[in-house]
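Here is a friendly walk through one protein chain, for a reader who likes to check each point against the coordinates. Please keep the viewer open as you read.

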Amino acid sequence: MAEALQQLILDTLDQFSAIDDTRTLVIPGQTVPATSQDAQIAILGALNSLQSREMISYETRETSSHALTPEGAQIALEGSHEARVWAALPVKGEGEPVGVQELKRKIGDEAAKVGQGRAFKNGWITKESSGFVKAASSIEDTTQIELREIDSTGTLKAGEKALAELRKRKLIVQRKGQWFTVRKGPNFSTSIAKPETDLTVDMLTSGSWKSATFKKYNFEADGIPTSGGAFHPLLKVREEIRNIFLEMGFEEMPTNSFVESGFWCFDALFVPQLHPARELQDTFYLSDPSTSLRPPEDYYKRVATVHEKGGYGSIGYRSPWSDEESHKLLLRTHTTASSGAMLYKLAARCRGETIDEHGDVGDPEGDTRQSVEGDGFRPAKFFSIDRVFRNETMDATHLAEFHQVEGVVADRNLTLADLIGFMRVFFKKMGVTDLRFKPAYNPYTEPSLEIFAFHPMLQKWVEIGNSGMFRAEMLEPMGLPKDVRVHGWGISLERPTMIRYGINNIRTLVGHKTSIEGVETSPAVMF
């Protein structure tokens, strides 16, 4: 269809040198001239294609016309409301006047309501007794005559004033249209063969490039914007939080072990072996391999003893110890497993024990180990930001996989007030000042605090973290001095990101519902 229309335009130009009015064209497959707006839109597409090849040039002509509304079409067919009212009444003195209800029954509610007033205004009817009669023996239904004229010509000879009155009565609507005048272009031809856009190997081999017509390069055209990589909002917030930790003198912990043993993820943190968090509905366990290597034997025995029998001022859990439970492999439920391992290595340094190149504690073996002098305890600050896994029911604020921001501060004689003060400073650097702290229970911290922040989009307080002071039952089996206290806290990375970017559903932040455009246009964090 498009090529046939282009060929029609070129053939017409070749015959008459110009097309003064495209409404005179008969589109291929049609039998009448292209006077409709849809036909002119089709012609415009053909003109643009030919003009891009400089085969023709054209000018646009604007046109205005009117069309009947459904009510106007009904009046053109049946007569105006006022004329129908007049026709339904008897001549004065020749019959009983017609009341309002009878008039509505004869011509309908709408026609009676509208026509009655206009008929009175025109002097066609008058009131007599309790009804209406004709006041004129004959009338001329001007409204019907004008609407029929508009229906056939699109306008009125009576002029704009009469058209405005009909528009006001919503009997007609104005329609804008266009048509075109067409002239030959510098590359005019009756052939519509498209020019080549690429010089191919086949054209060079056959020599057909010599006679081929090539499309001109438009060096002023805007190129397609390049689409480079973009940091996800989570990565932006992660980098900002990481910078806050480094600014406050923290050392980043290695957290590249997504798989942990039950010992390092739970036992070493003084989480009881019968704790609900260790059940299948909360933790993902591995099936192959299903068990881990044994941890350092002396430390393992101290942890098992404090669980089963107590020690270090604690009576323990007084429940049987299970080696099988301790050696299970699982996807870590928190990065505190890494924090516990780092504190154990810190305690080893205090005792002057050896650490290999991978940071493992043990006796010297070969040339890969180096000695560290036992120069006593030194304060330490560690942090990590990495993924953790929990068998959660997914909703607007929970996923089965998320990121945890973990921090640990170890020093002598720390207090809970120090922890709260640090939390306020840390979150203030993130731009979160509206905080609340709520007492909580954690197996490995006492006292413990839940951290809440007000979410402006959800219009409610949202838990963003957990914190506390590590128990002596966890620290002293590692070999840390008795007066050393350790602050520990963890927050999710997702919830601060949701607050910062005004996101109220975590499933639109990560996952298949994430907007790629949103990732590309998300602003920098700058807490």
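## Two cis prolines

Proline 447 is found in strand 15, which covers residues 445-455. The model is a predicted one, and in it the peptide bond from glutamate 446 to proline 447 is cis, with omega near 0°. A cis peptide bond also joins aspartate 288 and proline 289, this time with omega at about -5°. Proline 289 has its place in the loop between helix 11 and helix 12.

As background for both bonds, most peptide bonds are trans, and most residues other than glycine have a negative phi.

## Positive phi in two loops

Which residues other than glycine have a positive phi? Serine 129 is one of them, with phi near 55°. Serine 129 sits in the loop between strand 3 (125-128) and strand 4 (131-134). Its relative accessibility is 65%, so serine 129 counts as exposed, the cut-off being over 50%.

Asparagine 413 is another, and its phi is near 60°. The loop that holds asparagine 413 runs between strand 13 and helix 15 (416-429). With 54% relative accessibility, asparagine 413 counts as exposed too.

Is strand 13 largely enclosed or largely open? Strand 13 spans residues 401-412, and nine of its twelve residues are buried, so the rest of the structure largely encloses it.

Strand 13 pairs with strand 12 (residues 380-389) in the antiparallel sense, over ten bridges. Within that pairing, alanine 380 stands opposite alanine 410 of strand 13. Strand 13 is also joined to strand 17 (residues 484-492), again antiparallel, by nine bridges. Here valine 408 has glycine 488 of strand 17 as its bridge partner. In general, strands of a sheet pair through backbone hydrogen bonds, either parallel or antiparallel.

## Two nonpolar cores

How many residues does the largest nonpolar core have? It has 37, and Tyr299, Leu343, Phe470, Met474 and Val486 are those with the most contacts inside it. At least two residues of this core come from each of helix 11 (262-265), helix 12 (297-308), helix 14 (336-350), strand 12, strand 13, helix 16 (472-475) and strand 17. Helix 14 gives the largest share, eight residues.

Leaving aside neighbours within four places in sequence, methionine 474 is in contact with Ala268, Leu269, Phe270, Gly340, Leu343 and Tyr444. Another core lies apart from this one: it has 34 residues, including Leu234, Ile491, Leu493 and Ile503. As a general point, nonpolar side chains tend to be buried together in soluble globular proteins.

At what angle do the axes of helix 7 and helix 8 cross? Helix 7 (residues 142-153) and helix 8 (residues 160-168) have axes that come within 12 Å and cross at roughly 100°. Helix 7 is therefore roughly perpendicular to helix 8, since angles of 65 to 115 degrees fall in that class. On the helix 7 side the contact uses Thr143, Glu146, Leu147 and Ile150, which meet Ala162, Leu163 and Leu166 in helix 8. By class, this contact has five nonpolar residues, one polar and one charged.

Helix 8 also lies across strand 2 and strand 5, running at about 125° to strand 5. These strands belong to an open sheet of three strands with the order 1-5-2 and antiparallel pairing. Strand 1 (18-19) and strand 2 (56-68) are the edge strands, each pairing on one side only. Strand 1 pairs with strand 5 (residues 172-184) over two bridges, in the antiparallel sense, and isoleucine 19 has valine 182 of strand 5 as its bridge partner.

## Alanine 524

The last stop is alanine 524, in the segment after helix 18 (516-521). Alanine 524 is partly exposed, with a relative accessible area of 47%. Leaving aside neighbours within four places in sequence, alanine 524 is in contact with Arg500 and Tyr501.

Technical notes. Residues are numbered from 1 along each chain as its sequence is written. This is a predicted model: local features need pLDDT of at least 70, side-chain atom pairs count only at pLDDT 80 or more; totals for chains, interfaces and linings use all residues. Side-chain values use heavy atoms; hydrogens and water are left out. Buried means under 20% relative accessible area, exposed over 50%, partly exposed in between (1.4 Å probe, protein chains only). Helices (H or I, at least four residues) and strands (E, at least two) are DSSP runs, numbered from the N terminus. Two strands pair if DSSP finds at least two bridges between them. A nonpolar core is a set of buried Ala, Val, Leu, Ile, Met, Phe, Trp, Tyr and Cys residues joined through side-chain atoms within 4.5 Å. Contact means heavy atoms within 4.5 Å. Axes are lines fitted to C-alpha atoms, for helices over the stretch in contact, and angles run from 0 to 180 degrees between N-to-C directions. Angles under 35 degrees count as roughly parallel, over 145 as roughly antiparallel, 65 to 115 as roughly perpendicular and the rest as oblique. Ala, Val, Leu, Ile, Met, Phe, Trp, Tyr, Cys and Pro count as nonpolar, Asp, Glu, Lys and Arg as charged, and the others, Gly among them, as polar.
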